[in-house]
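Colleague: I'm new to reading protein models, and I'd like to learn one feature after another. Could you walk me through this one?

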Amino acid sequence: MSPELLQRARAGDRDAFTALVEPHRGELLAHCYRMLGSVQDAEDALQEALLSAWVGLGGFEGRSSVRTWLHRIVTNRCLNMLRTSTRRTAAAAPPPLAPEPSGLGEVLWLQPYPDSLLDDLPDRTPGPEARYEAREAISLAFVTAVQLLAPNQRAVLLLRDVFGYPAREAAEILGLTEDAVTNALKRARAKVDATRSADRPPPPGGPAERALVDRFVTAFTEQDVDTLVALMTDDVWVRMPPLPFEYRGTEAVHRFFTAIDAHRHRIGRMLPVRANGQPAWGEYVRDPVSGGLHLTGILVIAIAGDRIREITHFETTLASHLGLPRTLD
């Protein structure tokens, strides 16, 4: 941090303030997303936090780095949003012809995080106490698990295990005692670790991932349910936020894909993108009148070892964030 840049920002130079915070923007947005599970909420939280930082810049005494100071403001902004939000979703009917679900999900506000936003993350090694690699810490499975934690537990887990802050610094950021941070972290780890897969995904974009993805797309578009299910782990999940219905295990997933065969038959193209560091696609259905293709959903898969562990179907809300056009010729 340049003392001259900080001085200019304190004097009201907005360009100097932007130069101070811009190197951290990508990291801060990802942090808000992990806290809130929604890209749109994360963008709102970051905008409000940076406004607070601009207004409160005169109170920054330089006893910590600008990065740590921003983490404090952003984290507490997210905590305030979580404490004032009910996030209730109206009851919904299962998709037409879909079988009885295995259960009802709780994280109905979950949205995919475009990989294009990951390009803005700084090339920075996390603290020595971090337990999660950057790729795992943005995965849908991790973010979903974090959403099920109490607000303080979320913040403690992310500050300690993703950013690698020592307990003392995490406590200072959150205004808690070190004992409170230690206890919250213990409870959070127990819940999140229970959701982790022992099988690591193959390198993104590598030959192993490409081979599995090609087989998945072929089976999916050709309505070959048996081959499709054979690509999955025994404990595979199918989710479809904001609908609460979830299907777990190959038997339930087989029934689900068999039941929705008519819908998949209408899919004319799967346009590949990436979200949360995972393979993803825009699903396009051909209009019987115009003949054009219309975006109807976004599909993201998670891979464990050489099998698919999760399939998540999203609405098209974030199509523009993912670079997906609404229509194709």
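Colleague: Which residues form one aromatic cluster?

Modeller: A word on the model first: it is predicted, local features need pLDDT of at least 70, side-chain atom pairs count only at pLDDT 80 or more, and totals for chains, interfaces and linings use all residues. Residues are numbered from 1 along each chain as its sequence is written, and side-chain values use heavy atoms, with hydrogens and water left out. Now the rings: those of Phe, Tyr and Trp (its six-membered ring) pair if their centres lie within 6.5 Å; planes under 30 degrees apart are stacked, over 60 edge-to-face, and the rest tilted. Here F216, F220, Y247, F256, F257 and W281 make up one aromatic cluster.

Colleague: How many aromatic pairs does the structure hold?

Modeller: There are 10 aromatic pairs. One of them joins F163 and Y165 edge-to-face, 6.5 Å centre to centre with 65° between the planes. Another edge-to-face pair is F256 with F257, at 5.3 Å and 70°.

Colleague: Are F256 and F257 buried or exposed?

Modeller: Buried means under 20% relative accessible area, exposed over 50%, and partly exposed in between (1.4 Å probe, protein chains only). Both F256 and F257 are buried. F163 counts as buried because its relative accessible area is 7%, and Y165 because its value is 5%. Across the chain, 50% of the 329 residues are buried.

Colleague: Where does the charged end of R14 sit?

Modeller: A charge sits over a ring if NZ of Lys or CZ of Arg is within 6 Å of the ring centre and within 35 degrees of the ring normal. The charged end of R14 is over the ring of W54, 4.6 Å from its centre. Likewise, R239 lies over the face of W237, 4.3 Å from the ring centre.

Colleague: Which residues touch the most other members of the largest nonpolar core?

Modeller: A nonpolar core is a set of buried Ala, Val, Leu, Ile, Met, Phe, Trp, Tyr and Cys residues joined through side-chain atoms within 4.5 Å. The largest has 79 residues, and Y33, F142 and L324 touch the most other members. Its largest share, 9 residues, comes from helix α5 (residues 66-84); helices are DSSP runs of H or I with at least four residues, numbered from the N terminus. Apart from this core lies another, of 31 residues, including L212, V238, A252 and I311.

Colleague: Which residues is L324 in contact with, leaving aside its neighbours within four places in sequence?

Modeller: Contact means heavy atoms within 4.5 Å. By that rule, L324 meets L271, V273, G282, Y284, L295, I298 and A319.

Key: Helices (H or I, at least four residues) and strands (E, at least two) are DSSP runs, numbered from the N terminus.
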